[in-house]
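Here are my comments on the model you sent. They start with the overall fold and then turn to one hairpin.

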Amino acid sequence: MKQFLLLLIITGSISWYAIGKNRDGTDFDSSRMTTACYKEYRGKTFKVTYKGKSITALCNDTGSFTSNGSGRVLDLSLKAFSLLAKPSIGILRGAKIEIL
């Protein structure tokens with residue numbers, strides 16, 4: 001039997017967050033390499049690439065919303081976002097996002 005690997009790669013906008021609680025009520029830790037996603041991908045690892053820089057982050061929360069017109073796909077922890085760009089930029093458009 002043949003096995004296939006489905007690799008999901010999308011291009012989208014990402015932002016960051018630094019305070020609050022995860023949807024499950026646990027405390028959010030902005031110093032960890034984590035992300036929140038608009039879909040239920042808890043427990044999955046994402047690779048995010050922006051302008052030649054890449055990071056990996058564990059999805060441990062949901063809540064990045066696209067209904068406000070920003071088109072955000074992920075909200076990264078402050079630490080993860082900071083490795084890609086200055087947080088003062090706010091939203092990175094055109095990031096390559098892969099589910100590993």
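1. Read along the sequence, the chain in this predicted model follows the pattern β-β-β-β-β-α-β. That gives one helix and six strands.

2. Of the 100 residues in the protein chain, 39% are buried. The chain exposes about 6200 Å², and 55% of that area is supplied by carbon and sulfur atoms.

3. Among contacts with a separation of 6 or more, 68% are between residues 24 or more positions apart.

4. Strand E3 (45-50) and strand E4 (53-62) form a hairpin with two residues between them. The two strands pair in the antiparallel sense over six bridges.

5. Which strand is joined to E3 by four bridges? It is E6, residues 92-99, and E3 and E6 run antiparallel. Here Thr49 stands opposite Lys96 in E6.

6. Lys51 deserves a look when you check the backbone. Lys51 lies in the loop between E3 and E4 and has a positive phi of about 50 degrees, although it is not a glycine. Most residues other than glycine have a negative phi. The residue sits in the turn of the hairpin.

7. Is Lys51 buried or exposed? Its relative accessible area is 74%, and the cut-off for exposed is over 50%, so Lys51 counts as exposed.

Definitions and conventions: Residues numbered from 1 in each chain as written. Predicted model: local features only at pLDDT ≥ 70, side-chain atom pairs only at ≥ 80, totals over all residues. Heavy atoms only, no water. Buried < 20%, exposed > 50% of the residue type's maximum accessible area, 1.4 Å probe, protein only. Pairing = 2+ DSSP bridges. Contact = heavy atoms within 4.5 Å. Areas by Shrake-Rupley, 256 points an atom, 1.4 Å probe, with all protein chains shown as cover.
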